Amino acid sequence: MQGSLVCVGTGMMLGGHISPISTSYIEQADVVFSLMSTGITERWIDEMHHDVRSLQCYYQEGKNRNITYNEMVEAIIAEVRLGKKVVCAFYGHPGVFACVGHRAIKQATKENYPAHMEAGISAEDCLYADLNIDPGESGCINYEASQFMFYKRNIDPTAHLILWQVALAGDKSLTKYAASKETLQVLVDLLTETYPADHQVILYQAKVLPIDNVRADTIALHDLVNIELFMHTTLVIPPSEKPQPNNDLLTKLAQIDNKEAKSKHRPKLTLVI
Amino acid sequence: MSKTIEILEKMGNDSSLQNEDAIKDLLVTTACSANIAKAIIDKDVSSLEYQLQVRANIVCAMYPAEDDEAAVEDDEQNSEENEENKTAIST
């Protein structure tokens, strides 16, 4: 019997977001690996199948998280190699700001095992609903907070900027579970190169349990270093400027439109020999 | 599925249970334990976690800021620096 791998997302809300196909994959698996955001949602998945193995045991403060993720992948692939139908259940979407699923699928495919991912409802999806933001309205760019800091970026202050895992911002070692005030200040200093220091930003946390409340705290950007952050806190920076029309480009588009309009109304000529 | 998890699951996927009165009715009809019911009504996640004896200290960081190759290079560089320091100390 050939092993296989399916990575599914359980969504953010316990019970409310998991898709029927993801539920079916979990129920019909030989073994399920889980990575949930709370102990209660972990228990919920535990109770869906007789052999659910939490991947939480691979995390350790002080241990580089890349090593953790690779250990998780190895544990998953080991079961695939044994010929089992393996399902990995991740909270949210299994492939959005989540690398283990992608790495496991890549490895399984490399070893010629069938492997694919089923989409899930991500924290980003919940953010748009909870904060009443339409990314189509002004544009939206998402970064992992530390990755945003490590590389030179062109920030567009006319679009939304969303920084994920902001509580871990600036940790180059990938070993910490909380950023210091000093590293958060580095992030604030970086952002205030573009935004006013008193620009109103939002600290967001999606509901995970039906008894949770959404966190949508509005603060001034410069206050970020003094606010309690959790691993699942996201920093949402709304636009601080209105977009400016690109007049050169608009002129080019108008010229194309005019040309097309003229060719439509041109009289049809027939060559008579 | 255990009763408490079933109740939470139902609260998560049943649109008729999105108000306090409906939740209270559900807790009565399911004969939920008094302590669990109180935790649910009070929205006391810590109490619920304690009563269910679920895993504490969950980590939910699922994305590295840098990929494997960069991390391996950093680890190798750190190892080399550690070796140099050991040599410097011993001399």
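Helix H3(A) comprises 17 residues and extends 24 Å from its first C-alpha to its last, close to the 24 Å expected at 1.5 Å a residue, where the expected span is 1.5 Å times one less than the number of residues. Helices (H or I, at least four residues) and strands (E, at least two) are DSSP runs numbered from the N terminus. The model is predicted: local features require pLDDT of at least 70 and side-chain atom pairs count only at pLDDT 80 or more, whereas totals for chains, interfaces and linings use all residues. Residues are numbered from 1 along each chain as its sequence is written, and chains are lettered from A and ligands numbered from 1 in the order in which they are written.

The buried residues of H3(A) are A:Arg65, A:Asn66, A:Thr68, A:Tyr69, A:Met72, A:Val73, A:Ile76, A:Ile77, A:Glu79 and A:Val80. Viewed down the axis of H3(A), these buried residues fall within an arc of 165 degrees, so they line one face of the helix; the arc is that of the directions from the helix axis to the C-beta atoms. A residue is termed buried if 20 or more other C-beta atoms lie within 10 Å of its own, exposed if 12 or fewer, and partly exposed in between, with C-beta atoms placed from the backbone. H3(A) is followed by A:Gly83, which has a positive phi near 90 degrees.

In chain A, five strands form an open sheet in the order E3-E2-E4-E1-E5, with parallel pairing; two strands pair if DSSP finds at least two bridges between them. Strand E3 (52-54) and strand E5 (115-117) of chain A are the edge strands, each pairing on one side only. The twist averages 20 degrees from one strand to the next. H3(A) packs on this sheet, touching E1, strand E2 (31-35) and E4 of chain A, and its direction makes about 155 degrees with that of E4(A). Axes are lines fitted to C-alpha atoms, for helices over the stretch in contact, and angles run from 0 to 180 degrees between N-to-C directions. Within the sheet, strand E1 (residues 4-9) and strand E4 (residues 85-90) of chain A pair in the parallel sense over six bridges, and A:Leu5 stands opposite A:Val86 in E4(A).

Antiparallel pairing involves strand E8 (residues 200-205) of chain A, which is joined to strand E9 (residues 215-220) of chain A by six bridges and to strand E10 (residues 234-237) of chain A by three bridges. A:Ile202 stands opposite A:Thr218 in E9(A), while A:Tyr204 stands opposite A:Thr234 in E10(A). Five of the six residues of E8(A) are buried, so this strand is largely enclosed by the rest of the structure.

A:Ile133 lies in the loop between helix H5 (123-130) and helix H6 (135-138) of chain A. This residue is partly exposed, with 18 other C-beta atoms within 10 Å. Not counting residues up to four places away in sequence, A:Ile133 touches A:Leu127, A:Tyr128 and A:His160. The C-alpha atoms of A:Ile133 and A:His160 are separated by 9.0 Å, with the two residues 27 residues apart along the chain.

Chain B contains five helices and zero strands. Of its 91 residues, 18% count as buried. Between the chains, 38 residues of chain A are in contact with 30 residues of chain B, contact meaning that the C-beta atoms, placed from the backbone, lie within 7 Å. On the side of chain A that touches chain B, the largest share, five residues, comes from H2(A).

Key:
Contact = placed C-beta atoms within 7 Å.
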